[in-house]
Amino acid sequence: MSSVAVIDYGMGNLHSVAKALEHAGSGETIIVTHDAAKILAADRVVLPGVGAIRDCMHEIRRLGVDEVVREVIKTKPFLGVCVGMQALMGESEENGGIACLDLLPGKVRFFGDNLKNSNGDALKVPHMGWNQVHQVSEHPLWQGIEQDERFYFVHSYYVESAQQSDIAATCTHGVEFSAALHRDNIFAAQFHPEKSQHAGLQLYRNFLNWNGES
Amino acid sequence: MGVAKRIIPCLDVDNGRVVKGVQFVDIRDAGDPVEIAKRYDEQGADEITFLDITATAHDRDTIVHVVEQVADQVFIPLTVGGGIRELSDIRRMLNAGADKVGINSAAVKRPEFVKEAAEKFGSQCIVVAIDAKRVNGEGEPDKWEIFTHGGRQGTGIDAVEWAIKMVNYGAGEILLTSMDRDGTKVGFDLDLTRAISDAVPVPVIASGGVGELKHLVEGVTEGHAEAVLAASIFHFGEYTVQQAKEVMRDAGLEVRL
């Protein structure tokens with residue numbers, strides 16, 4: 001039976017991620033850990049994360065998770081979620097500017113004060129709630145998920161990809177941003193599949209069945 | 001198109017049991033928070049909020065187990081309020097599977113607690129719950145004051161100023177309850193809801209007074225709320241969450257259906 005490592009660096013709701021993977025799966029072993037050997041031994045790896053990027057990056061580096069992630073993305077199906085997606089980018093504007101892992105080109109930017117929609121109505125930040133995810137590339141992780149399906153978001157910073165071909169989906173909250181990215185065996189989502197009911201569980205199921213090829 | 005307006009059923013939990021009489025005819029155990037949460041999830045609730053009204057600190061461990069059980073089976077956002085006084089309370093709830101915690105009296109007692117909580121866990125999981133009552137006389141300008149201890153204790157603090165301060169301290173969302181309207185079924189205090197929604201950049205959840213589905217619509221259109229919370233109209237099977245969403249959609253609001 002295959003196994004999935006959920007990387008635990010002390011930031012975030014790992015209970016929900018692990019339980020959703022378990023629920024979506026069919027008996028895969030779910031391991032919540034920051035132990036490099038265990039992560040490297042798993043068949044698939046999830047990097048979750050919530051909270052401020054400074055603290056997340058600090059813990060990622062302190063625990064050596066950065067080196068493990070660099071190794072993992074060479075070979076295994078890898079899924080970054082929320083701050084776990086932002087951490088893959090070059091840098092983030094949050095906390096006065098924080099260098100991230102620089103595995104995918106692009107920046108993490110603030111939605112800004114006085115954010116407005118196309119009608120000029122004020123929009124709230126954090127972007128919190130169910131918004132439409134517009135798939136812009138075909139990918140095994142979208143299997144069984146409708147175009148423009150709603151997923152649950154909660155974030156004040158968004159990913160601006162510098163590589164068009166990396167974008168798997170977009171979403172709009174005042175600005176159009178990258179809701180999901182993909183490159184080789186990396187997939188990353190700004191939304192929370194573990195909190196997005198049926199569609200989220202379907203995405204996790206797809207990840208558990210994914211061999212890492214686009 | 002954009003982010004959907006949210007409908008949030010709220011369950012009052014006392015020592016692990018749902019109180020205020022939830023009545024679903026086809027639920028075996030109407031006091032079981034797990035069964036009720038599952039039902040709301042099936043109906044399309046966008047989030048679920050648990051308000052722990054357990055009186056003693058000792059028995060409050062029970063809510064942790066409730067959250068764990070719900071989070072094992074229900075994959076939508078969960079908020080827990082009531083009895084959140086220390087950072088360790090928040091840690092426990094998040095570890096159990098809650099996504100957000102509601103802080104009320106502890107914030108009034110020591111506002112820095114909200115700052116510390118937001119720095120430690122991120123604003124996205126810190127909801128400041130505000131219980132407000134109108135205090136202006138007739139003909140005077142609108143004024144609301146915040147109350148604690150279930151609306152029994154006045155604080156002298158202006159509700160709009162308090163909401164702004166809490167957001168500056170790191171609150172990622174405001175859960176706003178009108179104590180005047182709570183339990184009345186005549187609708188939200190829309191002036192209050194709008195005054196606070198327009199004053200803060202973060203989402204505001206309107207609460208207190210819902211008796212009909214059109215009240216939910218008004219909370220958004222006239223109160224400018226991002227989300228609406230209700231308890232009894234859903235508990236007694238008068239309306240389903242699905243019906244509520246259809247009414248909101250028909251009123252031209254964006255909802256997740």
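## Salt bridges between chains A and B

In this predicted model, the side chains of Lys195(A) and Asp99(B) form a salt bridge with an N to O distance of 2.8 Å; the term denotes a side-chain nitrogen of Lys or Arg within 4 Å of a carboxyl oxygen of Asp or Glu. Across the interface of chain B and chain A, 2 salt bridges are found.

## Extent and composition of the interface

Contact (heavy atoms within 4.5 Å) involves 38 residues of chain B and 29 residues of chain A. The area buried between the chains is about 2,700 Å², with carbon and sulfur atoms giving 52%; buried area is the accessible area (1.4 Å probe) that two parts lose on being put together, summed over both.

On chain B, the side that touches chain A divides into 17 nonpolar, 7 polar and 14 charged residues. Here Ala, Val, Leu, Ile, Met, Phe, Trp, Tyr, Cys and Pro count as nonpolar, Asp, Glu, Lys and Arg as charged, and the others, Gly among them, as polar.

## Basis of the values

Residues are numbered from 1 along each chain as its sequence is written, and chains are lettered from A in the order in which they are written. Local features need pLDDT of at least 70, side-chain atom pairs count only at pLDDT 80 or more, and totals for chains, interfaces and linings use all residues, while side-chain values use heavy atoms, with hydrogens and water left out.
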